[in-house]
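Good morning, and thank you for coming.

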Amino acid sequence: MQNKTNKKQSKTFTNKKINSLPKLPKSMMRNNRRQRLPAVKPNDIIPVLQKDTVRAVFLGGVEEVGRNMTAVEFNDDIFVIDSGFMFEDEDKPGVDYILPNTEYLEDRKEKVKAMIVTHAHLDHIGAIPFILERIGNPPIYANELTAIMIKKRHSEFPHLPNPDIRIVHGGETVQIGSLPVTFFDTTHTIPDSMGIIIKTPFGGVTVTGDIKLDHKDGQVMDEEKEHFNVFKKEKILLLMMDSTNAWKPGWSIPEWKVFETFDKILEETPGRLIIGTFASHLERVIHIIEKAEELGKKVIIEGRSMKNNLAIAQELGYLKVKKNTLITAEHAEEYPDNRLLILSTGAQGEEFAALTRIANKTHKYLKLKPTDTIALSSSVIPGNEIAVQRLRDMLARQCRHIITYQTSDVHASGHGNAEEGKWIISQIKPKFFVPHHGFYFMLQANADNAESVGVKPENIRIPDNGTIVEIRNKGTEIIKLEEKAPHKLRIVEGLNVKDIQEIVINDRKALAQDGMFVIVTTVNMRTGRLRKSPDIISRGFIYLRESRELLDQTRLIAKRIVERAFSRSRNVDIDKLKAELTREISKFLLQQTHKSPIVIPVIVGV
Ligand SMILES: [Zn+2]
């Protein structure tokens, strides 16, 4: 969807720009267009923030799952909350990551007082190395584990200055800029997750971060209730909340249930146990390792992200194991099968992940045995269905015991379902509600949840990327501005951060789909005739040897167009001629083959 929107924008670019300019007489605009428009940046049209207005700007993480970033602005301060990226998607070949667009913040750098990070997942911290400098290197406020993860990622970019990280904990209040900010603990899948309350004179602005609840059959646990005690004495003006699973009815599977399931599996598995899961589900991974140790098992960790995360967890004392519990894969054969647990990344069938290498027999040390038990502790992320199916097939050819989330509680999401959302909203009791983190329909579901527990519908707004919401008149009125913050996709390709160029992405897609077609014409500049029949080079389009007739006809079309142009004058406008060749040959090839390769005409004059 995102891509389509932008595509439309780039095609109708001039109209869009003109709409957002200060009003000029139409005739003047047309003139200006020809002589190039004065440089009006999208930022320039955003109204100046009025005194005592609370502004929230959604810079990423709505209309999508990933690249979360929301800014809260009040008088002279901007607080940036989270800075995630999104991995490349199939729709944008060649793109490594997609970042939030931070132009709004870059133009207001001097106001950015802090980046506050809710937890250490990449869709909340991944963009930090790419954007921190651009927004003026503000200090980062984060809990312990999050802080170390941020530092670790930053160290992979040695040209960057060390980030100024200030460690904060749930229950603590610190002064940032002119406002006090309170943090509260939350339940997610990684330790040290927290929510934020920025205290304006009109009430708190709260962000939950990714959140679910610890509960037993829908009864919220006491320890969980304590996290929300802070709201008993806080008046909350605005709540911005994770919406990922808000559309799912009821309560999510609590993580303790997954722990229990694994305890049982660990106790009962007769041979080796191989668990494929996400490195990001760190609490689960820690639990499984500690339980394995208790049962006298040795644990092999496979996958770089899993190893990294666990090293950090060990450093902070979140993972407590004896020195010889963790062993490396090359020593696997030294232990009896029933004393071995292999924990691996790659349950999504990722091409080079450890579990895939074990499954396709390319792992140096680990080979599957028919007596192995494999537990895939993850759901299937949309888009990965085929890869996961392939992985399961490869595994099933080699061993009989495969446990998945469909057959057993070996996985739970880190995001709460509708009933959890409603419980959370009723604890926080916000006056205004803006759902974020999720596709539009997820946000809509979260808005419905809020309404069902008493938030007035007129006090709810659903944002898109770039949306600016303001709370005006001493916290009494919510407005969604018509003007948007810049929200064109920012991408990382290799080492470069740049705005997405739809034309490049579209070319890549066309190349992947229909290939390319180069036609080279050599013109005798004296006679204006072709020296020889045009040469054709083509890749990924059709099998040339079996398409003689089509190629001959194409050559004739090219010859006719070029010779006609040169017969009129020797001073041919080459660009125009190339455009005509592209147009006519594309049309012809489409008619004949129903394919649209990228046509590249080359004209050589001799
Ligand atoms: Zn998360």
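Two residues are said to be in contact if their C-beta atoms, placed from the backbone, lie within 7 Å. Please keep in mind that this is a predicted model.

With that definition, consider phenylalanine 79. Leaving aside residues up to four places away in sequence, Phe79 touches Ala71, Val72, Lys113, Ala114, Ile116, Ile176 and Ile198. Phe79 also belongs to the largest nonpolar core, which has 134 residues. Ala71, Phe79, Val80, Ile116, Leu238 and Leu343 are the residues with the most contacts inside this core. Two domains supply it: at least three residues come from domain 2 (41-250 + 414-502), and at least three from domain 3 (255-403). Another core, of 13 residues, lies apart from it; Phe517, Val523, Phe566 and Ile585 are among its members.

I turn now to strand β16, which spans residues 273-277. Is this strand mostly covered or mostly uncovered? It is mostly covered, as five of its five residues are buried. The covering applies to both faces: Leu273, Ile275 and Thr277 are buried on one side, and Ile274 and Gly276 are buried on the other.

Which strands pair with β16? One is β19, residues 340-344, which pairs with β16 in the parallel sense over four bridges. Another is β20, residues 373-377, where the pairing is again parallel and runs over five bridges. Glycine 276 takes part in both pairings: its bridge partner in β19 is serine 344, and its bridge partner in β20 is leucine 376.

Conventions: Residues numbered from 1 in each chain as written. Predicted model: local features only at pLDDT ≥ 70, side-chain atom pairs only at ≥ 80, totals over all residues. Core = buried A, V, L, I, M, F, W, Y, C linked by C-beta atoms within 7 Å. Buried ≥ 20, exposed ≤ 12 C-beta atoms within 10 Å, placed from the backbone. Domains from an automatic or database assignment. Helix = DSSP H or I, 4+ residues; strand = E, 2+ residues; numbered from the N terminus. Pairing = 2+ DSSP bridges.
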